[in-house]
Amino acid sequence: MSLIAVVEIDHPDLALAPTVRETAASIQVVSHTATDPETGMFFFLVESDSFRTFEAALGRDHTVEESTLIAEASTTRIYRLQHTPGTKLVSPITTEMGGLTLEAGSTDTGWSVRLQLPDRETLSTIWEYCDREGIDFRIDHIYSLDEFAVDDGVGLTDPQRETLVTAYEAGYFEEPRDTSLQELADELGISPTAVGGRIRRGTSRLIERTLLSDE
């Protein structure tokens, strides 16, 4: 029976890991490209308050062979990247094992990845691969496609939980709002873009784990 696994991975040589650690940008892999290891090209949706800072970090990132700006808006851009040969990736082994990378987003130090896998044995194989490669691999929660099986609560990361609780207590979800992203950012010590990313991803997880559970 197919299952969904949400895992966090971390290693200095993971794709864009140096940029993720150096900047406050929120980075999402454009999912349909993340499952194709043959192209060598990956697309990333980036939200940042300072793309000058982000692109400077990108230029120093040893996992990036080549980068091209594809599209841009005021706080959002899409980049096409080619990784260096030594870059560590989990998507190729996932595809090889018959899985799909449904979603991948940056955390404070690495990536949170949502995988659709054929079975638990496949998950074990990916974990063993990461162990051999020295990639820190932490399961947030797993569940079958028709029934929730194992989890650690509602599947939120600690930063997402902290941000959502802080936003709720400060009245961010009131109408009208009692606080702003900037005020939350000042309280949490991160950028407004990072706050917005945590709220969006955390809210998505809550909807997935509660409203969709009956489906």
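User: What makes β4 and β5 a pair of strands, and in which sense do they run?

Analyst: In this predicted model, strand β4 (residues 64-72) and β5 are joined by seven bridges in the antiparallel sense. Two strands count as paired when at least two bridges are found between them, and seven bridges meet that cut-off, so β4 and β5 are called a pair. Within this pairing, L69 has Y79 of β5 as its bridge partner, and the two strands form a hairpin with three residues between them.

User: How do you know that β3 also pairs with β5?

Analyst: Strand β3 (residues 41-47) runs antiparallel to β5 and is joined to it by seven bridges; the cut-off is at least two, so β3 and β5 pair as well. Here F44 has Y79 in β5 as its bridge partner.

User: Which residues make up the covered face of β5, and which the uncovered one?

Analyst: The covered face of β5 (residues 76-83) consists of R77, Y79, L81 and H83, whereas T76, I78, R80 and Q82 form the uncovered face. In a regular strand the side chains alternate between the two faces of the sheet.

User: Why is L16 called buried?

Analyst: L16 has a relative accessible area of 0%, and buried means under 20%, so L16 is classed as buried. L16 lies in the loop between β1 (3-10) and α1 (17-22), and its phi is near 65°, a positive value in a residue other than glycine.

User: What makes the bond between E175 and P176 a cis peptide bond?

Analyst: Omega is about 0° for the peptide bond joining E175 and P176, which is cis. P176 lies in the loop between α6 (158-169) and α7 (181-188). Most peptide bonds are trans.

Methods: Residues numbered from 1 in each chain as written. Predicted model: local features only at pLDDT ≥ 70, side-chain atom pairs only at ≥ 80, totals over all residues. Heavy atoms only, no water. Buried < 20%, exposed > 50% of the residue type's maximum accessible area, 1.4 Å probe, protein only. Helix = DSSP H or I, 4+ residues; strand = E, 2+ residues; numbered from the N terminus.
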